[in-house]
Amino acid sequence: MSGTRVVSKEELNEQFNYITEVRTIISSRFLGKAPLALTHTYGCQGNVADGERIDGLLSEMGFEFTDKPEEADFILFNTCAVREHAEDRVFGNVGALKKYKEKNPNLIICLCGCMVQQEHVSERIRKSFPYVDIVFGPHALHRLPELLYYSLTNGERIFSVADSDGVIAEGLPTKHTNSLKAFLPIAYGCNNFCTYCVVPFVRGRERSRKYEDIMEDARQLVADGYKEIMLIGQNVNSFGNDFGEKNLFAKLIREINDIPGDFIIRFMTSHPKDCSEELLLAMKECEKVERHIHLPFQCGNNRVLSEMNRRYTREHYLSLVNRARELMPDISITSDVIVGFPGETYEEFQDTVSLVKEIGFTSLYIFIYSPREGTKAAGMPDPISHEEKSRWFAELQKAQEEVAFSRSQGMKGNVYRVLCEGRNKAGRISGRTSGNIMIEFDGPDSCVGNFCNVEVTEPLTWILKGELR
């Protein structure tokens with residue numbers, strides 16, 4: 001694999017020239033009326049952040065937005081490659097776009113993101129979905145103006161999915177989807193090569209943004225009034241490793257914490273092998289950092305962890321959790337779990353169940369193993385049926401529900417400072433505690449967009465009900 005590490009200013013200026021060209025074309029084609037774009041993002045926070053940059057570029061090119069495909073002049077799906085189910089959903093939704101293309105031959109359909117970076121997927125699109133006009137992977141996101149320009153001017157299908165170690169493109173416009181909470185990417189790609197995961201193949205090698213660029217973005221987000229800054233990366237704990245600097249993430253958190261203003265800091269995702277004492281101390285000592293860490297353990301059995309190439313043990317993971325709770329007794333810990341990894345036995349799965357009960361997670365994201373083409377695990381013997389794995393899934397889910405309910409009961413009477421995000425369907429104000437647990441309560445409209453103190457009056461399994469204090 002080969003590719004540009006940092007996109008030069010000259011390359012970016014070229015894209016801004018294409019933005020001007022596209023604006024001119026669509027102004028003429030639509031007689032001064034703004035064309036409508038429909039964009040939809042699948043997957044993780046990293047994909048959402050990419051989607052915000054895509055929307056920013058489209059907005060600069062003169063597009064306005066719609067959520068109705070029958071109105072759209074441009075439809076883009078920003079895709080995810082982590083699980084087979086996500087790919088199946090995308091293909092089903094792309095298939096449904098054919099009728100809109102038939103009604104409006106000028107409609108431009110675009111697929112981008114992690115899923116299409118896989119060769120077998122891009123080839124399937126090429127052969128089976130001829131009405132898809134533009135296909136590009138994560139490494140070509142900054143080239144969207146150029147790709148759209150050539151689609152508009154010559155009408156040919158465009159595929160930009162060449163292998164790459166990955167790029168960093170600074171200075172792209174961003175259209176945030178939330179007026180209170182902002183994603184702030186600090187690194188891209190991954191070097192871990194867990195045997196089940198396709199991310200390193202589609203996102204490229206681990207590459208950290210420049211420290212100064214992140215700090216500049218953080219200060220601007222605070223100045224713009226954002227109340228929550230979410231630092232994101234495939235593995236935020238290893239930020240700066242490619243610079244040869246250890247524990248740079250802890251330093252970054254401390255410096256963002258020192259920015260004047262009333263806001264909170266969250267981050268994800270953390271890899272246990274890189275979760276350091278310095279990070280936990282920074283969490284404890286920084287008043288703006290919320291008491292929540294998402295620390296995926298994936299499996300509670302050491303043999304399976306080794307087969308997954310996770311590079312830590314059950315014992316090490318437990319020591320991290322214990323240390324975090326020594327420093328922050330109120331810390332909320334959430335995690336990801338894979339059920340039914342190839343070769344995993346029911347007895348080994350029970351080690352996962354016992355770990356869940358021992359740690360007492362706030363919540364879990366549980367997934368049945370999904371083979372990904374090109375990964376090592378996809379070639380491993382996998383004798384356990386999907387039906388049996390589904391039973392394991394249900395067993396683990398039940399265990400976690402019991403843990404979560406028991407844990408939430410201990411929160412009754414506690415008062416939390418909550419960022420009030422808006423009203424839910426029941427008309428109550430909702431937000432999240434420091435531990436990232438949803439809480440809802442009755443209150444005036446003036447609460448929305450601000451921090452309020454809320455007492456837990458009725459703890460349920462997954463959400464809390466409270467009263468304003």
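In this predicted model, the buried residues of helix H9 pack against strand S7 (181-185), strand S10 (228-232) and helix H10 (248-257). The buried positions of H9 are Tyr211, Ile214, Met215, Ala218, Leu221 and Val222. They cover an arc of only 125° around the axis and therefore lie on the same side of H9. Exposed residues, namely Glu212, Glu216 and Ala223, are carried on the face of H9 turned away from its buried side. Just after H9, Gly225 adopts a positive phi of about 95°.

Side chains of opposite charge can pair when their charged atoms come close. The structure contains 29 salt bridges. One of them joins Lys101 and Asp133, with an N to O distance of 2.7 Å. This pair links distant parts of the chain, 32 residues apart: Lys101 belongs to helix H4 (residues 98-103), and Asp133 to the loop between helix H6 (119-128) and strand S5 (134-136). Lys101 is buried at a relative accessible area of 14%, and Asp133 is buried at 13%.

A salt bridge also forms between Arg266 and Glu228, whose closest N and O atoms are 3.4 Å apart. Here strand S11 (residues 264-268) supplies Arg266 and strand S10 supplies Glu228, 38 residues apart. Both Arg266 and Glu228 are buried.

Arg428 and Asp442 meet in a salt bridge at 3.2 Å, N to O. Arg428 lies in the loop between strands S15 (415-423) and S16 (429-432) and Asp442 in strand S17 (residues 438-442), so the pair ties together parts 14 residues apart in sequence. Arg428 is buried, with a relative accessible area of 16%, whereas Asp442 is exposed at 52%.

Conventions. Residues are numbered from 1 along each chain as its sequence is written. This is a predicted model: local features need pLDDT of at least 70, side-chain atom pairs count only at pLDDT 80 or more; totals for chains, interfaces and linings use all residues. Side-chain values use heavy atoms; hydrogens and water are left out. Buried means under 20% relative accessible area, exposed over 50%, partly exposed in between (1.4 Å probe, protein chains only). Helices (H or I, at least four residues) and strands (E, at least two) are DSSP runs, numbered from the N terminus. The arc is that of the directions from the helix axis to the C-beta atoms. Contact means heavy atoms within 4.5 Å. A salt bridge is a side-chain nitrogen of Lys or Arg within 4 Å of a carboxyl oxygen of Asp or Glu.
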